[in-house]
Structures are given as structure tokens and as C-alpha cells.
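Dear colleague,

Here is the structure I promised to pass on, with the sequence alongside. My notes on what was found in it follow below.

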Amino acid sequence: MFPREYRGVAFVVGLFLVVQLGALALVPEFAESGYQAVENPENPTNSLVYIAAIIAMTGVMLAAFRYDLDQGIRLLIVGVSAWLSWYVFSAVVSPLVAAVPAVAVGVALLAYPEWYVIDAAGVLMGAGAAGLFGISFGLLPALLLLAFLAVYDAISVYGTEHMLSLAEGVMDLNIPVVLVIPLSLSYSLLGEESEDGEEAEGDATESDDADGDASPGPDETDDTEVDDSPEAGTDVSEPTDIEDRDAFFIGLGDAVIPAVLVASAARFSTAEALAVPLIGINLPALLAMVGSLAGLLVLMSWVIKGRPHAGLPLLNGGAIGGYLIGSVVAGVPLIEAVGLAGFF
């Protein structure tokens, strides 16, 4: 039997594949339904607007965590998850009927946010978001978005480190901003939190008896570093032994952002479509998927060694490289592949 960390990696790859394939399946439905968010998807300034929105939202979330408004963030993300789930369900049933399972997703996240509920909601949310962004971002805007966010992710993790603060804030909210990757079938996110809470209460009581100080003891601090470490894409802490961990975490954005280029390539590339049932895909989109998954495997190899890193440089870099190779092999000129043909 494969070591449990390799089973965890296989699970991550499976989740990423579902998000990407789901986005590809949704692209034609979303386009036909008129869900395109901008009038001209080829306009490169579209990327600037969304980049500014992402940075602003990051600032809002950090401020909310600082001023103890984290439950407001939780309700907001749960609402967004239900909203994006509605888009996904409306692709297969009527919009009115789609509201029922979409509301159920939100209720499940609030009432019982176990790891599989979070992952299921995250996959729905990710596929919907990637599909919507994919039909709204032409090739040049999509490439600009991925390139900028790869650089931003690296700076925010290795430079300013504010992404670490954001990760610490969202970890306790049990929302589909991160995907939970259990390393054993018996793992329970809710059970782990309950045990951590009991341990923290016991440690605080012992400290009070000893010296009047309610700060956590050394053992509790060690457990927190191992069990509640931030997601794979946003942690540059000291290496931890994978054998001491029951789960690891990877940001949902790491799955969504590369899938935007995959969906955009399927929608806007002039490459000939491949004969694949149920989804519309061409060679540039296919190799963008392959490239992003190759980047994911490199990222996971670091996680297994206990050295998590910023995810988007590898994931977006792989997606962009795969897309460009696929375009060249498919006979699409590079100037057209990067979306610049219309400017000359």
C-alpha cells in the first residue's frame, strides 16, 4: 500500500482535476446563458480590475481578523459559496430548482463543516469561479492575471508574509477557502478542533495553578504548529514531519487560478477542438492542465518534505508553459496565442 502522504497527494490531484474538468464542462453552458461578466473579454484592463479587487479583499479580510470580525468573513464566504454553487447547478437544472441545492451547500457549511463538506463546497465553488472567469477573460487578460498573481503570491509569502496572517485567520473558520487533505480515513476536522480546544483548556488551567499565567504550554504550541499549520500555498514555516500530521491544507485559489487559463484557452483559443465527450477542450487547454498538475506535483513534493511554499508560482507557471507549448504544437502563432494579434 502506498504511504499515506502519497494517497494525500493523489487526493489533491483528484480535487484539482475535478475543478478543471468541471470548469471546462461549464464553459459552454455559462457562455450560452450569458454569464460573461464583462462586455469585452479581450480587454487587458479587465485583469487590473480583478487584481485590484483581490488585493482589496485581502486587505478587508486581514482587517476583519484584526478587529475580531472573522464571523462576518465566514458568513460572506459561505454566501459566496452558495452563490457560485447556484451557477453550477443552474447549468443542469432550472435556475429556480438550482436554488435548493445551492442553499443546502450554505446550510451544510454552517451546520456541519466537516472536511468532506468543505471540500465538496470548494470543488463546486472552484469549478464555478473558474468557468465564470474563463468566459470573462480572454487569452491576454487570463495570462496577465496568472502572471501577476504568481508574483504577488511569492511576494506575499516570502516577502511581506501577510499571506501567512491571512492563512492563520481562515484556518479556524472552516470555510471553503482552503481544501482539506486528510491523510487517514479516520481523520475528522471537527473532532480535531474539539480535542485541541480541550487540550488548550487543560493547559491554561495548569498554567493558572502554577504561576497565574494562562498562556499555552510548550506541548500545546508544538501541536498547533503541526496540526494547524497554514495551507500549502501560504506557509514558509520551519519543516514539520509529515508523519506527525493528520491532514494538510491547500488554498482553493491554487486550484481556481490555473483553471481560469484552462477555461479561457478552451473558450478563446483558435486551436482545433479535441474529440473529448462532455467537455470542450483543445490542445492548449489540455497542456495547460498538464502543466498546472506538474507544478502541483512539485509543490506537493515540498509539502511531503515538510517545506510548504507559495503555490501559484509553480501552478501558474506550469499552466502558462503548458498552454504556450500546446498552442505552438496546435499551430497557433505565439502572437495570437498570447492575445496580442488584435493589437497589430
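Leaving out residues up to four places away in sequence, Leu286 touches Leu274 and Ile281. Please keep in mind, here and throughout, that this is a predicted model. Leu286 belongs to helix α11, which covers residues 283-304, and from Leu286 to Leu274 the C-alpha to C-alpha distance is 9.2 Å, for two residues that stand 12 residues apart in sequence. With a relative accessibility of 31%, Leu286 counts as partly exposed, because that class holds whatever falls between the 20% limit for buried and the 50% limit for exposed.

As for the chain as a whole, its secondary structure comes to 13 helices and two strands. Of the 344 residues in the protein chain, 49% are buried. Among the contacts with a separation of 6 or more, 78% are between residues 24 or more positions apart.

The largest pocket has a volume of about 1300 Å³. It is lined by 40 residues, of which Ile54, Met57, Phe133, Gly253 and Ile257 are the closest to its centre. Sorted by class, the lining of the largest pocket has 30 nonpolar, seven polar and three charged residues.

In one of them, the rings of Tyr35 and Tyr87 have planes at 90° and centres 4.8 Å apart, so the pair is edge-to-face. This pair links distant parts of the chain, with Tyr35 in the loop between α1 (4-32) and α2, and Tyr87 in helix α3, 52 residues apart. Tyr87 is also paired with Trp83, again edge-to-face, at 5.2 Å centre to centre and with 80° between the planes. Trp83 and Tyr87 are four residues apart in helix α3, which means that about one helical turn separates them.

How do these two residues of the second pair stand, buried or exposed? Tyr87 has a relative accessible area of 15% and is therefore buried, whereas Trp83, at 47% relative accessibility, counts as partly exposed. Taken together, Phe30, Tyr35, Trp83, Trp86 and Tyr87 form one aromatic cluster. A ring elsewhere in the chain, that of Phe268, has the charged end of Arg267 sitting over it, 5.8 Å from the ring centre.

One further arginine deserves a look. Arg74 is placed in helix α3, and its relative accessible area of 14% makes it buried, because the class takes in residues under 20%. Which residues is Arg74 in contact with, once its neighbours within four places in sequence are left aside? They are Leu109, Leu110, Pro113, Leu173, Asn174 and Ile175.

With best wishes

Notes
Residues are numbered from 1 along each chain as its sequence is written. This is a predicted model: local features need pLDDT of at least 70, side-chain atom pairs count only at pLDDT 80 or more; totals for chains, interfaces and linings use all residues. Side-chain values use heavy atoms; hydrogens and water are left out. On a 1 Å grid over the protein atoms alone, a cavity is a set of points where a 1.4 Å probe fits but cannot get out, and a pocket is an open set with protein on both sides within 12 Å along at least five of seven lines; lining residues have an atom within 4 Å of a point. Grid points are joined across faces, edges and corners, and a volume is the space filled by probe spheres set on the points. Ala, Val, Leu, Ile, Met, Phe, Trp, Tyr, Cys and Pro count as nonpolar, Asp, Glu, Lys and Arg as charged, and the others, Gly among them, as polar. Rings of Phe, Tyr and Trp (its six-membered ring) pair if their centres lie within 6.5 Å; planes under 30 degrees apart count as stacked, over 60 as edge-to-face and the rest as tilted. Buried means under 20% relative accessible area, exposed over 50%, partly exposed in between (1.4 Å probe, protein chains only). A charge sits over a ring if NZ of Lys or CZ of Arg is within 6 Å of the ring centre and within 35 degrees of the ring normal. Contact means heavy atoms within 4.5 Å.
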